[in-house]
Amino acid sequence: MIKVFIAGATGWVGTELSKKITQEKGLQLVGGLSRSKGGADLATILNLGDGPIPLFDNITDALDLVDFDVMIDFTRPEIAKSNVIAALKRGKRVVLGTSGLTDADFKEIAAVADEHHTAILAAGNFAITAVLLQKFAEIAAKFIPHFEIIDYASGDKPDAPSGTVAELAYRLSKIQTPELAVAIDDTVGRKDARGASINGIQVHSVRLPGHILGVEAIFGEKDETLILRHDAGNGAEPYIKGILMAVSKLSTFEGLKRGLDTVMDV
């Protein structure tokens with residue numbers, strides 16, 4: 001039985017994940033983190049039937065009072081890093097879905113995981129279709145040296161780029177840095193109109209009502225264009241499947257892995 005703790009248990013993903021875990025054989029939901037509902041019972045709030053499932057407003061109290069094996073974090077970037085590091089230092093395994101962390105953050109997190117001989121799997125997107133987009137984009141980047149990324153999200157998403165796009169830019173940069181016909185510094189007019197350079201790749205973040213989450217990886221050669229696009233709907237189910245897969249794979253490695261596909265046979 002794997003004992004699971006969810007940081008962000010009453011959020012959009014956390015709510016659906018909490019419900020699903022209580023139905024899964026081999027998993028037991030033993031607690032959660034919620035800044036707005038600390039001290040309450042998650043089982044009562046979500047009508048889960050099995051309780052109590054205590055909620056805490058900080059990770060320190062949770063680590064002192066709850067015995068768990070795996071923490072799943074879907075919070076906010078300003079608290080996710082401290083949650084993760086605190087859990088890893090106690091030898092907990094972690095699935096991280098919170099976006100907004102930097103490459104420097106991940107470097108620090110990896111060092112803590114290595115030091116304490118535990119594991120963390122971080123992914124900007126746990127949907128299988130998003131994982132496939134990343135894999136297809138990596139293949140394309142081997143053959144096409146000109147590419148940029150467009151990042152779509154709802155108007156109230158505070159972080160840019162999204163975790164999905166930050167992860168994609170990181171991975172594509174490991175293959176090659178795109179060629180630019182006109183260097184950004186040589187742009188006539190507003191240089192910032194060319195987007196932000198993320199790991200040497202131009203990224204353009206659109207934030208508007210009507211979007212949920214989406215990403216376009218655009219590859220161009222003379223007289224031809226390849227566009228790979230992923231769009232998410234309103235439901236959390238595509239992410240839940242990937243998160244549960246990640247939980248099941250945490251015991252197979254130590255250290256940090258970035259991307260769900262790193263533990264998949266793809």
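The questions and answers below concern a nonpolar surface patch and the cavities of this predicted model.

Visitor: Which residues make the nonpolar surface patch of about 490 Å²?

Guide: Membership in a patch requires over 30% relative accessible area. L132 lies in helix 6, residues 128–143, and is partly exposed, with a relative accessible area of 34%. The patch of about 490 Å² is made by L132 together with I128, F136, I139 and F143.

Visitor: What volume does the largest cavity have, and which helix gives the most to its lining?

Guide: Two cavities of 30 Å³ or more are counted, and the largest has a volume of about 120 Å³. Of the 13 residues lining the largest cavity, the closest to its centre are T98, F106, G124, G163 and E167. The greatest contribution to this lining, three residues, comes from helix 7 (residues 163–173).

Visitor: How many residues of each class are in the lining of the largest cavity?

Guide: The lining has 13 residues in total. Divided by class, they are six nonpolar, five polar and two charged.

Visitor: Which strand gives the most to the lining of the second largest cavity?

Guide: The second largest cavity has a volume of about 40 Å³, and its lining includes D151, Y152, L213, G214 and V215. Strand 7 (147–153), helix 7 and strand 10 (213–221) each supply at least two lining residues. The most, three residues, come from strand 10.

Visitor: How many charged residues are in the lining of the second largest cavity?

Guide: Among the residues that line this cavity are N125, S162, T164, V165 and H230. By class, the lining has four nonpolar and five polar residues, and the charged count is one.

Notes:
Residues numbered from 1 in each chain as written. Predicted model: local features only at pLDDT ≥ 70, side-chain atom pairs only at ≥ 80, totals over all residues. Heavy atoms only, no water. Patch = residues over 30% accessible without salt bridge, like charges linked within 9 Å, V, L, I, M, F, W, Y side chains within 5 Å. Areas by Shrake-Rupley, 256 points an atom, 1.4 Å probe, with all protein chains shown as cover. Salt bridge = Lys/Arg side-chain N within 4 Å of Asp/Glu carboxyl O. Helix = DSSP H or I, 4+ residues; strand = E, 2+ residues; numbered from the N terminus. Buried < 20%, exposed > 50% of the residue type's maximum accessible area, 1.4 Å probe, protein only. 1 Å grid on protein atoms, 1.4 Å probe; cavity = no way out; pocket = protein on both sides within 12 Å on 5 of 7 lines; lining within 4 Å. Points joined across faces, edges and corners; volume = space filled by probe spheres on them. Nonpolar A, V, L, I, M, F, W, Y, C, P; charged D, E, K, R; others polar.
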